[in-house]
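This report is for a reader who is new to the structure shown below. It begins with one residue and then turns to the chain and the interface.

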Amino acid sequence: MTGTTLVAARERALAVLGGDPDDATLRRYLHGIPGVDAVGLEQRAAGLGTRSIKTSSKAWALDRIISLIDLTTLEGADTPGKVRSLVAKAQTPDPADPGAPRVAAVCVYGDMVSTAVEALGAAHGDPDDGAISVAAVATAFPSGRASLDIKLADTAEAVAAGADEIDMVIDRGAFLAGRYGLVFDQIAAVKAACRRADGTSASLKVILETGELVTYDNVRRASWLSILAGGDFIKTSTGKVQPAATLPVTLLMLEVVRDWHRLTGHKVGVKPAGGIRTSKDAIKYLVTVAETVGEEWLVPHLFRFGASSLLNDVLLQRQKLASGHYSGADYVTID
Amino acid sequence: MSFLEYAPAPESRAILSLRDRYGLFIDGEFVDGRGTPFQTISPANEERIAEIASANTEDVADAVAAARRAYERVWSKMSGRDRGKYLFRIARLVQERARELAVAESLDNGKPIKESRDVDVPLVAAWFFYYAGWADKLDHAGLGADPRALGVAGQVIPWNFPLLMLAWKIAPALAAGNTVVLKPAETTPLTALLFAEILQQAELPAGVVNIVTGAGETGAALVAADVDKVAFTGSTGVGRAIAKQVAGTQKKVTLELGGKAANIVFDDAPIDQAIEGIVNGIFFNQGHVCCAGSRLLVQENIHDEVVDRLKQRLSTLRLGDPLDKNTDIGAINSAAQLARIRELSDVGVAEGAERWSAPCELPAEGFWFAPTIFTGVETSHRIAREEVFGPVLSVLSFRTPQEAIAKANNTPYGLSAGIWSDKGSRILAVADQLRAGVIWANTFNRFDPASPFGGYKESGYGREGGRHGLGAYLAPATSRSARAARAVEASAPAAKADAEAKPAPAERSRRTSKSAEKGAAK
């Protein structure tokens, strides 16, 4: 999977903004976007959450959720063994059912990329073709508190080690201080660092860390900013800050993606991450995607779940659907 | 398979145990009616649900007499606290039987189960809980100490929110100490009759609430009967007839009639939420809402974008089986209503407005109308002036706030209005100048028992809900009751009637303590 090229992204941004992406221009643009009514947004999200997905639709949804998961381990205590175990699970989520789909990607820290690539072997590739990608968090994840040089080195190293996707964090301090130009430039620079020697580029997911942006208006502006700067995906959270992904925030980001598509014809992905643990919740997200941007977004290069414990719940539900009764936690594997 | 074609998720009808025939609920029991019985059908597939008795003038007189007896012997003597206990009990029973009531409502009315389940029935319970709390606090209703009940209230309700309108009528009436004869709409009597079973379950004293089913004549007979108060929700035409009929009598009257609400969207509105609000404003309950935002006033510079987004959003609405949990738009309540919606839509096209209907497949059986918007509507068009009472939205544009206000107010109605803007000062300034009883800012069609509801001009008079809603069923302690006044007109000297209407304080307190004992023994 390849992301958009940097030059194309910059040209598009200039055309949309009508000027250089400096603080003043970006501020004018981002603050000119209509506001968000929090009550209305949450009501709409709650309404979408009441959809009742049964039988054949549920079976489809459960399989699709698995194929959209970025199976994640982002702990200080991660070991090569843990990563290999994660990769094995990504390839064969349910040992009892070889028909279970594979997940979209494994998501690890940069230093674990080579381990993951090695463990995946032939299964490594584009999730749209049924293979599994390796995603690496970079740019001084999760805080983003490092100099730009270090962030870029972090990114380049992960790409060189074989990462297909880079999950970067934005500088929330700069964003909240109104230094939109700085945030834009950093995203664009990281995007450039995603470039491989052969001219292709790793896909860039931009983590907004919505829990630190606090207001929906901020989330909407940060989403626009990240897309303008060339992000291929916008992602809610690192999973290290609460609240992480919520349905209203994800709905809001999907609305931005939908509007961007209306404006430019270009499709950007969305990844809610952190806090989605049950099939029931995940199905609400599928419904929200399908009813906001359309069903064609429910593919690995346009929608992902960043999750670790979600997979097991989905597998339990899958088993229940097949057998008619619930099994238990010991009938799915631990990572 | 497309994921968006969600597999059917119908709510089970097994929870309902309906009878084949329903009588009139008079004096605590179901009795046969003397009129010709009629069938109630499901508007979604025109299947018969049950046979419903029809009340003639004598039946109505019986019901009113039962209510009068119950008022004089039981309800007016009971303490507010004890009346409150009954209302709390009813509220809890409504909650306990919520699913059953929701299924029955969707079956009989055609509204989607998600609305009856998430809006109608919870609000019904909320209304009873709210007024149960008022029953022993009437001194604070704003009418001075010891306000008195009016007596027997005759209440006629419409078919758009059958059970909710019942709650809006019965809860404040009982809390204030009145007894009730209620006539549900001809096409939607089912939940009122299930509610009668709840009253039996709650052991509400016989005759305090009586329910007479039937068509318009039954309603007319009730208005003409010996009642002290008439409360009506429905069309302006019928409301006008009622006002004429009770003019010159001592009957108090409140009317909650039609509307043609303006939903004003300014260019700084939170656009995605405004789209949701517009959809909720006019397509909620298939547009069968008297306060529906049926005239959309959009600021000129965002008109095209709003219409575009609206069309896109409407294309995702799911029309179909009201009992399916994923249905957004249910069935039109009756063939007659469908005919009226079609007629006015055709007029809209003939007058030159541009019609757009959401691309959805309409079921072959039953009464259905696809969500429709008209653009290029002028203020002189009939679809911009008359109440369609269906899923039809007229879109007009405006340039300045003054123009928006002028257009919004240019209607014989004045029930509700909506304002969408991110700017608080503008919301307040515009709301100040709109002549509408209810104004929603950045939301639409939200109801709460604590908030009064009612209209200006041809939308009726009186308020329902909140403290104001109590005022419709109470009179100051010093005023004469209607019956007393009639007695004066007949013969008796005024002084005697006054004494009758205003029991001595000692006597009143004696009554209170007696009924409190009775309540405690229960």
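**A loop residue**

In this predicted model, Ser52(A) sits in a loop of chain A, between helix H3 (38-48) and helix H4 (55-67). Ser52(A) has 19 other C-beta atoms within 10 Å and is partly exposed, because a buried residue needs 20 or more.

When neighbours within four places in sequence are left aside, the contacts of Ser52(A) are Ala9(B), Lys325(B) and Asn326(B).

**Chain A as a whole**

Chain A contains 14 helices and eight strands. Its radius of gyration is 19 Å, close to the 20 Å given by the globule rule for 335 residues, so chain A is as compact as a globular protein of that length. Along the principal axes, its C-alpha atoms fill a box of roughly 60 × 45 × 30 Å.

Of the 335 residues in chain A, 53% are buried. Among contacts in chain A with a separation of 6 or more, 77% are between residues 24 or more positions apart.

**Where chain B meets chain A**

How many residues of chain B are in contact with chain A? There are 22, and they touch 24 residues of chain A. On the chain B side, helix H9 (residues 271-283) gives the most, with five residues. The residues on this side of chain B comprise nine nonpolar, seven polar and six charged.

Methods
Residues numbered from 1 in each chain as written. Chains lettered and ligands numbered in written order. Predicted model: local features only at pLDDT ≥ 70, side-chain atom pairs only at ≥ 80, totals over all residues. Helix = DSSP H or I, 4+ residues; strand = E, 2+ residues; numbered from the N terminus. Rg over C-alpha atoms; globule rule 2.2 N^0.38 Å. Buried ≥ 20, exposed ≤ 12 C-beta atoms within 10 Å, placed from the backbone. Contact = placed C-beta atoms within 7 Å. Nonpolar A, V, L, I, M, F, W, Y, C, P; charged D, E, K, R; others polar.
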